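User: I'd like to learn how to read a fold like this one. Could you walk me through it feature by feature?

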Amino acid sequence: MATTHMAGATRFDEWLLNKRWRSSELTHVPEGSALKAVPGDGGIPLIGHSLTALRLGLDFGLKRYETYGPVSWMRAFGVNIVGVAGGDATQVVLTNKDKVFSQQGWTYFIGPFFKRGLMLLDFDEHMFHRRLMQQAFTRPRVTGYLEHVASVAASGVQAWQTGTFSVYPHMKQLTLDIAGRVFMASALGSEKDSLNKAFVSTVRAGTSMIRFGVPGGRWNAGLRGRRVLEDFFRRNVPAKRASDSNDLFSGLCHAQADSGEAFSDDDVVNHMIFLMMAAHDTSTITTTAAAYYLGKHPEWQDRVRAECMAAGPGPLDIDALEGLRDLELVIKESLRLVAPVPSLARKTVRDTEILGHFVPADTMISLGPWVNQMLPEYWSEPSHFDPERFSEDRREDKAHRYAWMPFGGGAHKCIGMHFGMLEVKTLLHQMVTRYRWSVPQDYKVRWDSTALPAPSDGLPVTLERL
Ligand code: HEM
């Protein structure tokens with residue numbers, strides 16, 4: 001009988017985790033086919049596994065893998081979903097050699113708020129947009145963004161109050177301020193507060209449980225937020241096109257293909273809204289998770305502090321940030337233990353197969369990076385915090401191409417991966433060189449899985465100035 005890894009798990013959680021529903025096959029396999037049906041079960045009548053997946057997150061994914069193997073189906077969020085986990089099955093979907101797995105899986109969840117963002121585009125159109133967007137992520141461009149990150153991070157972290165301190169909400173505010181500067185530098189002006197509000201509503205709606213408009217609900221607030229953002233970006237495109245500055249908005253306005261093609265005004269608006277979302281929560285979660293593990297493991301906090309102190313008080317440039325090796329081990333391990341994007345959505349456009357299982361057209365697929373990152377076949381003592389597993393002489397992440405995949409893989413692999421790592425390093429460098437923090441020895445954070453992972457208590461630490 002599996003037990004949850006979850007802090008504060010209740011008897012109800014244990015029951016949910018261990019309850020065996022009547023298994024069945026997803027669909028009949030076409031006659032004459034040598035393929036197997038996808039095993040699984042629908043779960044609780046009407047709601048399926050929605051509640052279980054949201055409550056138990058990682059534990060639920062691991063349990064499905066243990067029960068059914070790398071390819072299984074369930075009913076959740078109003079649809080049948082084929083869950084794919086383990087390196088080989090993940091590889092089939094992410095390599096996507098027959099272009100059968102589309103991003104329409106994401107459209108189902110976040111389409112109304114993030115339509116035509118890069119992650120929601122498919123195949124040739126996606127490739128065209130991605131190549132253009134790549135120009136906003138060149139080393140010189142990223143160097144410019146990091147100047148904004150460094151100045152906002154330094155003043156933000158410096159202003160923190162010592163004593164009992166909630167890491168997550170402070171980090172969320174700080175990464176939002178950083179996003180405002182990196183993305184739009186000078187364009188924000190007096191609209192800063194209303195834009196922040198619109199942005200927060202849009203992101204919250206994308207991860208809302210109630211997926212239709214009710215008066216006063218998240219969904220409608222998200223649609224209103226989206227309209228405010230669209231209006232703002234559209235009004236500011238002409239000025240951004242007229243002059244080039246070192247923010248991402250300018251980067252998109254000035255990106256040009258060899259053939260001379262560029263993003264239309266609508267493209268710029270859609271990409272900006274998606275990029276803000278893609279960059280914000282993910283870097284908040286990564287930095288918060290690393291702060292948690294550093295609080296739990298003072299020996300690593302001291303080690304990282306020594307390295308960061310040696311690099312100087314900052315602002316650190318791109319080369320200096322890349323040189324922070326111990327900090328990088330800690331961030332990689334934190335990304336393994338808490339995958340900021342715990343599952344990736346896809347949808348089949350034709351009948352296909354995954355590891356010999358027949359998967360019909362129009363099936364939702366959910367990939368499980370977090371599950372892969374906790375499988376004992378790839379990782380020694382997977383639930384232990386052990387940053388050295390990423391060191392050159394161990395490299396456990398090489399056990400499989402998709403053993404460690406917090407940034408996804410294949411054609412849609414995170415375009416902001418390098419910049420995101422450097423942003424997180426900048427924030428943690430500021431934190432360790434100014435403060436020491438700790439959590440009680442028996443404290444175990446509980447990651448709420450109802451949207452992207454977030455500590456359910458905000459992660460309280462005791463913060464002291466050095
Ligand atoms: C630091 C933490 C970050 C994590 C863990 C992360 C994670 C991911 C993951 C897992 C995907 C793949 C989604 C899929 O395959 O369906 C992705 C895609 C993407 N990310 Fe990130 N991300 C991070 C930071 C950023 C930042 C800072 C930016 C931009 C400034 C960004 C922009 C994007 C974009 C545009 C895509 C879509 C790429 C495409 O479809 O071609 N991300 N990210």
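Analyst: Let's begin with pairing: two strands pair if DSSP finds at least two bridges between them. Strands (E, at least two residues) and helices (H or I, at least four) are DSSP runs, numbered from the N terminus. This is a predicted model, where local features need pLDDT of at least 70 and side-chain atom pairs count only at pLDDT 80 or more, while totals for chains, interfaces and linings use all residues. Residues are numbered from 1 along each chain as its sequence is written.

User: Which residue stands opposite S24?

Analyst: S24 faces G40 in strand 2. Strand 2 (residues 39-41) and strand 1 pair in the antiparallel sense, over two bridges.

User: And how do I read the whole sheet?

Analyst: Strands of a sheet pair through backbone hydrogen bonds, either parallel or antiparallel. Here, seven strands form an open sheet in the order 1-2-3-4-10-7-5, with mixed pairing. Strand 1 (24-25) and strand 5 (101-102) are at the edges with a single partner strand each, so one side of each has no neighbour in the sheet. In total, the protein has 17 helices and 14 strands.

User: What does the shell around the ligand look like by class?

Analyst: Count Ala, Val, Leu, Ile, Met, Phe, Trp, Tyr, Cys and Pro as nonpolar, Asp, Glu, Lys and Arg as charged, and the others, Gly among them, as polar. The shell then has 14 nonpolar, seven polar and one charged residues. A residue belongs there if its C-beta atom, placed from the backbone, lies within 6 Å of the molecule. Of the 22 residues around the ligand, T282, G408, C414, G416 and G420 come nearest. Helix 12 (265-296) and helix 17 (417-434) are the elements that give two or more residues to this shell, and helix 12 gives the most, with six.

User: What does A411 touch?

Analyst: Contact means C-beta atoms, placed from the backbone, within 7 Å. Neighbours within four places in sequence aside, A411 is in contact with N96 and H126.

Terms used: Contact = placed C-beta atoms within 7 Å.
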